[in-house]
Amino acid sequence: MNKEKMLRRLSSLGFAMYELRLYCDTHPNDAEALAMLNSYKKKYQSVKAEYEKAFGPLTLNGYNSDEWLQDPWPWDN
């Protein structure tokens, strides 16, 4: 899968998870919806891991790095 296609897939899965979370907030006893949410979450994590392996991290994931300060700034070149 190419980069753009993977990002679209992640976006779709993220949207589905968000909507299912909202639904589960108002329907806490719907076991089928909760199972779907968990299924989408696993798919999202899988595609995200594949994306990050191929193209680098999407988010900081709790890490705060100052590596960008070590690089030359555009006007330094």
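Tutor: pLDDT is the predictor's confidence in each residue, on a scale from 0 to 100, and helices are DSSP runs of H or I at least four residues long, while strands are runs of E at least two long, each numbered from the N terminus. This is a predicted model, in which local features need pLDDT of at least 70 and side-chain atom pairs count only at pLDDT 80 or more, whereas totals for chains, interfaces and linings use all residues. Residues are numbered from 1 along each chain as its sequence is written, and side-chain values use heavy atoms, with hydrogens and water left out.

Student: Why is Leu10 called buried?

Tutor: Residues are sorted by relative accessible area (buried under 20%, exposed over 50%, partly exposed in between, with a 1.4 Å probe and protein chains only). Leu10, which sits in helix α1, residues 3-26, has a relative accessibility of 6%, and therefore it counts as buried. In α1 the buried residues are Met6, Leu10, Leu13, Ala16, Met17, Leu20 and Cys24. An α-helix has 3.6 residues a turn, so residues three or four places apart point the same way.

Student: What does Leu10 touch, leaving out residues up to four places away in sequence?

Tutor: With contact taken as heavy atoms within 4.5 Å, Leu10 touches Tyr44, Val47, Lys48, Tyr51 and Leu58. Tyr44 is 34 residues from Leu10 in sequence, yet their C-alpha atoms are 6.2 Å apart in space.

Student: Against which helix do the buried residues of α1 pack?

Tutor: They pack against α2, and in turn the buried residues of α2 pack against α1. On the α2 side the buried residues are Ala33, Leu37, Val47, Lys48 and Tyr51.

Student: Is Phe15 buried or exposed, and what makes it so?

Tutor: Phe15 is also found in helix α1, but its relative accessibility is 55%, and because that value is over 50%, Phe15 counts as exposed. Its C-alpha atom is separated by 9.9 Å from that of Tyr40, which is 25 residues apart from it along the chain.

Student: How do you know that Arg8 and Glu4 form a salt bridge?

Tutor: A salt bridge needs a side-chain nitrogen of Lys or Arg within 4 Å of a carboxyl oxygen of Asp or Glu. The closest N and O atoms of Arg8 and Glu4 are 2.8 Å apart, and therefore the pair meets that definition. Both residues lie in helix α1, four residues apart, about one turn of the helix.

Student: What about the side chains of Lys48 and Glu52?

Tutor: They meet in a salt bridge with an N to O distance of 4.0 Å, and the structure holds two salt bridges. Lys48 and Glu52 both lie in helix α2, residues 31-55, again four residues apart.

Student: What makes the reach of α1 close to what is expected?

Tutor: The expected span is 1.5 Å times one less than the number of residues in the helix. With 24 residues, α1 reaches 35 Å from its first C-alpha to its last, close to the expected 34 Å. For α2, with 25 residues, the reach is 36 Å, close to the expected 36 Å.

Student: Which residue caps the N-terminal end of α1?

Tutor: Asn2 does, with a side-chain oxygen lying 3.3 Å from the backbone nitrogen of Glu4. At the start of α2, a side-chain oxygen of Asp30 reaches to within 3.2 Å of the backbone nitrogen of Glu32. Just after α2, Gly56 takes a positive phi of about 100°.

Note on methods
Polar contact = N/O pair within 3.5 Å; in protein donor to acceptor, adjacent residues only side chain to side chain.
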